[in-house]
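Welcome! Take a moment to look over the structure below before reading on.

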Amino acid sequence: MDSFMGLLSGFSVALTWHNLLYCLIGVTVGQLVGVLPGIGPTTATALLIPLTYGMPPVSAIIMLSGIYYGGMYGGTITSVLINTPGEAASVITCLDGYEMAKQGRAGAALGVAAMGSFVGGIISVIGLALIGPPLADFALKFGPTEMFSLMLFGLTMVVGLMGASIVRGMLAMCLGLTLATVGMDPISGTLRFTFNQPFLINGIDLVTIAMGLFGLSEIFLGMENLASAAKAQQITSFLPEKKEVKTTSWAILRGTVLGFFIGLIPGTNSAIPALLSYSMEKKLSKHPEKFGHGAIEGVAGPETANNSYCGGAMIPLLTLGIPSSPTIAILLGAFIMHGLTPGPILFVQNPDFVWGVIASMVVGNAMLLFMNLPLAGWWAKIAEVPAKLLYPIVLILSIIGAYTVSNDLWDVGVMLVFGVVGYVMKKIDIPMAPIVLTYVLGAMMEKALLQSVKMNNGSLIGLVESPISLTMIVLTVIVLSGSIYAEIKNKKGAIALEND
Amino acid sequence: MKDEVTPENKGAFGELVKRQNAGLWFGVAFFAYAVLYFKMSLDIPYHSKLGAGPGMYPRWLAGFSIFVSLVYIVQSCTHQIFSMGRSFPGRTELFNVFTVFAACMIFLFLLDVVGFNIAGSLLLFVMFYRQYKALHAIALSIVITFAHYFVFKVCFSVPLPEKFLSLFGF
C-alpha cells in the first residue's frame with residue numbers, strides 16, 4: 001500500500017510540465033542514440049551530465065534515466081530496418097527482425113518490439129516500486145562489513161560476466177580500482193597519487209573517463225573505415241498475424257520476468273537478458289528452425305527482456321547504491337554530483353525524488369511507445385546520416401561535454417588519453433565496463449573495508465562473522481571459482497582445437 | 001653509418017610490427033604501471049591512529065595488480081595471442097585514427113589561444129577535408145561549430161572560451 005501511495009505521489013512530481021519536458025528530452029535523446037550506431041546510452045548519459053548541473057536533481061535524473069531506457073527502444077528500429085544494431089542489446093534482434101523486414105513484415109517486427117518493450121518497461125517499473133522499498137528497509141541493516149562484502153560480490157560478477165576471459169576482466173578491474181585511489185583517501189583525507197597536482201586532489205572525474213573509454217574510442221574505431229549507411233526497409237502494418245498473438249504474448253511475458261531478474265544482478269548488462277531470452281525462446285519453440293529466418297518470438301522476447309532489465313537494474317542502484325551496468329554507474333555519478341547518496345536512506349530522506357523518478361519511467365515508456373509505433377520510419381531515416389558527418393559532430397560534443405566538467409582543458413586531455421586506452425583495449429578484447437564500474441565502487445569499497453577493519457579492532461574477522469557478509473563471501477567464492485573453472489575449460493578447449 | 005630507409009626495409013619493419021604480440025605489450029605496460037603504483041604506495045603510511053592507514057588498500061591492490069598482469073602476460077603468450085597485424089587495422093585506417101587524435105591535440109593547444117569557434121572549426125575541418133570538397137568541408141566545419149557554440153554557450157551558459165565572437169558582444 002505504501003508503494004502504491006508512493007507511486008501516486010511520484011506521479012505528482014513526474015507530471016509537472018517541466019519534468020514532463022525533461023522526460024521527453026531524455027527519451028528522445030535515448031531513442032536518438034539508440035538509433036545512431038556507435039553512440040550508446042552510456043556515452044550519451046556521460047555527455048549530458050554536465051548540462052544537468054543547473055537543473056533540480058529530480059529533473060536531471062528523470063532526463064538521464066530517460067536516455068538509459070530510451071536507448072533500448074531506439075536500437076530496435078535500426079536492427080529491424082537496416083540490420084544495424086544501435087546498441088549492444090539489439091544485436092540479437094537483427095537475426096530475426098531484419099529477416100522479417102526482408103519478408104515485408106518490418107511493421108510487425110517493430111510493432112511487437114515496441115509493445116513488448118512497453119510491457120516489459122511498465123511491469124519492471126511496477127516491480128521496482130514493489131520490491132524497492134522492502135529491499136531498502138532490509139539494506140538499512142547493512143553496515144560497512146556487509147556493504148564491503150556485497151560490493152566484492154558485485155565486482156566478482158562484473159569480472160565474471162563481462163568479457164570472454166576472467167583474467168582480462170580482472171585486468172580491467174585492477175585499472176578501475178587503482179584509478180579510484182587517486183586523490184584524497186576517504187577516511188583520513190591523505191593525498192595519494194596526485195603528483196602534487198591540484199587538479200588530481202578530487203580524483204579523476206568519472207564522466208571524462210567514461211566519455212573517453214566509451215565515446216572517443218568508438219569514434220576512433222568508426223573513423224578507421226567510414227562505410228556508407230544502408231537503405232531502410234519499408235514499413236506496412238504494425239500488428240502481428242492472428243496465429244502469432246499467443247506465441248508473441250508468451251515470449252513477452254517470459255522476456256519481462258527474465259529481464260527484470262537479471263537486472264537485479266550486479267555486473268550484468270542489457271545484452272545478457274536479450275541473448276538469454278532468444279535462446280530460451282528458441283528452446284521452447286515448436287519450430288526452432290524458424291529462428292534466424294524471421295521468427296516473431298525472436299524479436300518479441302529479447303526486446304522485452306532488455307527493456308525489463310532497465311527497471312530491474314534501477315533496484316540495486318536505488319536501494320543499495322550499487323550500479324549494475326556502465327550506464328547505471330554513470331547515473332550513480334550524476335546522483336553524487338547532485339548531492340544525493342543512492343542507497344537505502346534515499347527512500348527515507350528523498351521519497352519525492354525516488355518516487356518521482358520511478359513514476360517518470362512509466363510516463364517515459366508511454367512516450368516511447370508513441371514515438372516507436374507511428375514514427376518508426378522517421379527515426380530510421382536518422383540512422384542514414386552518413387558516418388563521415390556523424391562522428392565529427394559526436395567528437396565535438398564529447399569535447400564540449402568533457403570541457404564542461406570543470407571548464408578546464410585538463411578534462412579534455414584526460415578524455416583523450418582514455419579514448420586511446422579504450423581504443424587499444426577494444427582491439428585486444430579487454431572489456432571496458434569493469435573499469436567504470438570498479439572505478440565507481442572502488443572508493444566506496446575502500447571506505448567500507450577500512451571502517452570494517454576499524455570496527456573489528458584491526459581484524460578482518462567481521463567479514464565472516466556477519467551472516468549477510470558471510471553469505472556474500474561464499475557467493476563471491478562460488479562465482480569466482482566458476483569463472484576460473486570456465487576459463488581453464490575454455491583454455492583446454494582452445495588448445496584441443498588448435499591441436500585438431 | 002646510418003641505415004637508409006628503402007621500401008624493402010620499410011616493409012620489413014612493418015612486418016616486424018605486425019608480428020608483435022599486442023597482448024604481451026599491453027601486459028608489460030600494465031605490469032610497469034602496477035609496479036610504479038606499488039612503489040608509490042610504499043610512500044603512503046600503512047598504519048594510522050585509526051588502525052588501517054591510507055596506504056594499506058593501495059598496497060594490497062598493487063600486489064594483486066602485479067599478479068594479474070603477470071597471469072595476463074603468460075596468457076597472452078600461450079593461448080590468447082593478439083598479434084598487432086590481426087588486432088589492428090592497416091596503415092590507411094590507422095592514419096585515419098591518428099588524424100582524429102592529432103586534430104584533438106591541435107584543438108587542445110589552440111582553444112585558449114584562438115577560442116572555441118576557430119579551434120573547433122579547425123578540428124572539424126581536419127576531419128572533413130578528406131571526405132568532402134574543400135569548400136563544403138569549410139562550410140560544414142564553421143556551421144557545425146557555430147551551431148554547437150550557440151546551443152552550449154547561449155542556451156546552456158557553458159563558458160566556452162571565445163576570442164573572436166566576444167569582439168561582437170557574444
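**Where the chains meet**

Please keep in mind that this is a predicted model. The size of an interface is often given as the accessible area lost when the parts come together. Here, chain A and chain B bury about 5,600 Å² between them, and 81% of that lies on carbon and sulfur atoms. The contact draws on 59 residues from chain A and 60 residues from chain B. Across this interface there are zero salt bridges by the rule used, while five residue pairs are in polar contact, both partners being at pLDDT 80 or more.

On chain A, the helices that each supply at least two residues to the side touching chain B include helix 8 (166-180), helix 9 (206-224) and helix 21 (467-499). Helix 17 of chain A gives the most, with eleven residues. The make-up of this side of chain A is as follows:

| Kind of residue | Number on the side of chain A that touches chain B |
|---|---|
| Nonpolar | 38 residues |
| Polar | nine residues |

**Inside the fold**

Which residues have the most contacts inside the largest nonpolar core? They are A:Ile204, A:Met314, A:Leu318, A:Phe353, A:Ile358 and A:Leu395, in a core of 192 residues. Helix 4 (residues 57-82) of chain A provides the largest share of this core, 14 residues.

Leaving aside neighbours within four places in sequence, A:Leu318 is in contact with residues including A:Leu128, A:Phe335, A:Phe347 and A:Ile358. There is also a second, separate core of five residues, among them A:Ile92, A:Ala274, A:Phe291 and A:Ala295.

Conventions. Residues are numbered from 1 along each chain as its sequence is written. Chains are lettered from A and ligands numbered from 1 in the order in which they are written. This is a predicted model: local features need pLDDT of at least 70, side-chain atom pairs count only at pLDDT 80 or more; totals for chains, interfaces and linings use all residues. Side-chain values use heavy atoms; hydrogens and water are left out. Contact means heavy atoms within 4.5 Å. Buried area is the accessible area (1.4 Å probe) that two parts lose on being put together, summed over both. A salt bridge is a side-chain nitrogen of Lys or Arg within 4 Å of a carboxyl oxygen of Asp or Glu. A polar contact is a pair of N or O atoms within 3.5 Å; within protein, one must be able to donate a hydrogen and the other to accept it, and residues adjacent in sequence count only if both atoms are side-chain atoms. Helices (H or I, at least four residues) and strands (E, at least two) are DSSP runs, numbered from the N terminus. Ala, Val, Leu, Ile, Met, Phe, Trp, Tyr, Cys and Pro count as nonpolar, Asp, Glu, Lys and Arg as charged, and the others, Gly among them, as polar. A nonpolar core is a set of buried Ala, Val, Leu, Ile, Met, Phe, Trp, Tyr and Cys residues joined through side-chain atoms within 4.5 Å. Buried means under 20% relative accessible area, exposed over 50%, partly exposed in between (1.4 Å probe, protein chains only).
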